[in-house]
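I set down what I looked up, in the order in which I followed it.

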Amino acid sequence: MRFQLVSDLSPCGDQPRAIAELVEGLRRGERHQVLLGVTGSGKTFTIANVIQEVQLPTLILSHNKTLTWQLYSEFKQFFPHNLVCYWISHYDYYQPEAYLPATDTYIEKELSILKEIERYRLETLTALVSGRRDVIVVASVSAIYGLSDPAEFSQHVIQLKVGMRYPRQALIHQLIQMLYRRTSEGNTPGTFYTRGDRLYVFPPYEQKGYRISFYGPAIEGIEEIDLIRQQPQRRLSELHLYSANMFVLSPQKLEAALASIQAELEEQVRYLESLGRTEEATRLRKRTLYDIEQLRTLGFCNGVENYSRHLTGRAPGERPYTLLDYFPRPFLTVIDESHVTIPQLKAMIGGDQSRKLVLVEYGFRLPSALDNRPLRFEEFESLVDQVIYMSATPGPYEMSQTGGAFVEQVVRPTGLVDPPVHVHPMEGAIEHLIDTIRRHRSHGGRALVLTLTKKLAEEVADFLTRLQVPAAYLHSDLNAFQRVEILDKLRAGEIDVIVGVNLLREGLDLPQVSLVAILEADKEGFLRSETSLIQIAGRAARNVEGEVWLYADRVTESMQRFMRESERRRQKQLAYNAQHGIVPRTAGRIGREGAQALSGLPSADQLRDRPEAQLSPLELQVLIEETRRRMLAAAEAEEYLTAARYRDELRTLEAILTQKSLQPS
């Protein structure tokens, strides 16, 4: 299938020129390009147009989970007929395994996995090995962590067709090899059960199940079934079933891997004993033999990733397989907010290796555990084909790759001008901040307040709440879904202020925000650098009433440079507005309730009261995104009947949107 961009929007402002330059560069074979786009200029829509023009599978990398979800939602709306996937770390909570020699303290690995995100990850891998090229994966930097061999994963596919000979017992055996668990009933993802001549299977990468009927050794029918009632929804002529786990091996390769692990164990035990470290040698033998037995019996063990070098057949020191290895070649990489994402990619390897070296030295892990690691940056560079770096403030690495050249997207289609910047001393800052927040609230605006610490963010949010100002804090202690929920509450008007540290800077789509307040703006450093100030101020650049207040006792060099660049962009936008007779208007994105109100669209609840056939494609997209959010929230709360109802409604709406998009205009 080809990428098909669906949108009522048309490129305008700087977008047509930026799209043309980026596409021309890709077709010329340029490996590196920089899109310098200010907040609110529509960089996401520009990239969507580029993808449609070049028709390349695309990896979009982002530096945090909140922004990754936002980008995923937007590209899902732009490309409803194509495969848009979501990839982040599936840990809600993760305490890595560690040993502290100074206190002789061993810390067991503890983790909590979000099942919904595990489904997204498996959905991504199955999409990439399916053979289709119309795939967009929106991912966090967890994309550079180790996975199984893509060649091995793609071999574990069961292809079923009605009428083909495939004995039921052979299918059961194959499902078990692919790490599906056999049960007596239920609909748990990654399980199957049998009833007479029928087999029910529930893939972990889809929110649906299948019923396979047999007549003797042949497949008589394949049906998609409702997860709750487990009744047929529609008949299928064929079905592809993929592995239930990302680490899956054939019996032959598993035995070879176990033999390799055993050989390394014996070698390392001899080495430790030669140093007189019998306690470490005994510990290593006991732990490793237990893992070997689990792998042989179950095909899996806790900490299986530490044996990834053996399981994938790699040589010592060889780079791990990652998500990038699953992409069909060639593919396009877009690095969003590259000034933050690139340093993250470079830094991932350091802390990982230092912790594991201690575990190996004291007999908790084999030396091969060091090969379960993220990519080094030079390895990442060698795996990507053509790259577009996207940021309002590109970093030195990106600019060096292009010799300082960039595609500029400063003019906003909405006509919005960079918000004015004011400075107020720290004395009396809180009183002034409260008055300013109340002034913006009186016009329906919302506010972001930036602090330097998480504790202060919580205290300020609590203080505002006690003053009857609906507020919430947002920082890294909250999981991905909690962050999305808080941002949605701000968009919906349930809260008026979010207080945070640095999660509120890059890329967040909040057109309702008309005030950005930065406390202690003169504490020069990473959080108050020129780049950070530009990014923070950008959160108020989507609202026509936007303004920025810097609370500081002096004007630092970073503040001066920030204010000069902001004024340069203001003048360029003002000149464009005057030339084209544009009156600035608040920006909005498809699928956001605040954007609906600002653009005159009905709310999702109002749209539900109208017949679906009468809705425009834009209104359908609004309703689809809202229904998807409600479905995920219900599933997370284990309200499965409600989630199933929203799922059925979602399918109906998507089918109507597909029909409308295929109709001639």
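Entry 1. I began with the pairing of β13 and strand β14 (residues 218–225) in this predicted model. The two strands run in the antiparallel sense, and I find 7 bridges between them. For R211, I looked up the bridge partner in β14 and found E223. The hairpin of β13 and β14 has 2 residues between the strands, and I noted that G216 takes a positive phi there, near 65°.

Entry 2. I then turned to the pairing of β13 with strand β12 (residues 198–202), which is antiparallel and comprises 4 bridges. Y210 in β13 is the bridge partner of V201. I recorded β12 and β13 as a hairpin as well, with 6 residues between them.

Entry 3. How many residues of strand β13 (residues 209–215) are buried? I took buried to mean under 20% relative accessible area. On that cut-off 6 of the 7 residues are buried, so β13 is largely enclosed by the rest of the structure.

Entry 4. Next I looked up an open sheet of 7 strands, paired in parallel, and wrote down its order as β3-β8-β2-β17-β18-β1-β19.

Entry 5. For L59, I found T333 as the bridge partner in β17.

Definitions and conventions. Residues numbered from 1 in each chain as written. Predicted model: local features only at pLDDT ≥ 70, side-chain atom pairs only at ≥ 80, totals over all residues. Heavy atoms only, no water. Pairing = 2+ DSSP bridges. Buried < 20%, exposed > 50% of the residue type's maximum accessible area, 1.4 Å probe, protein only.
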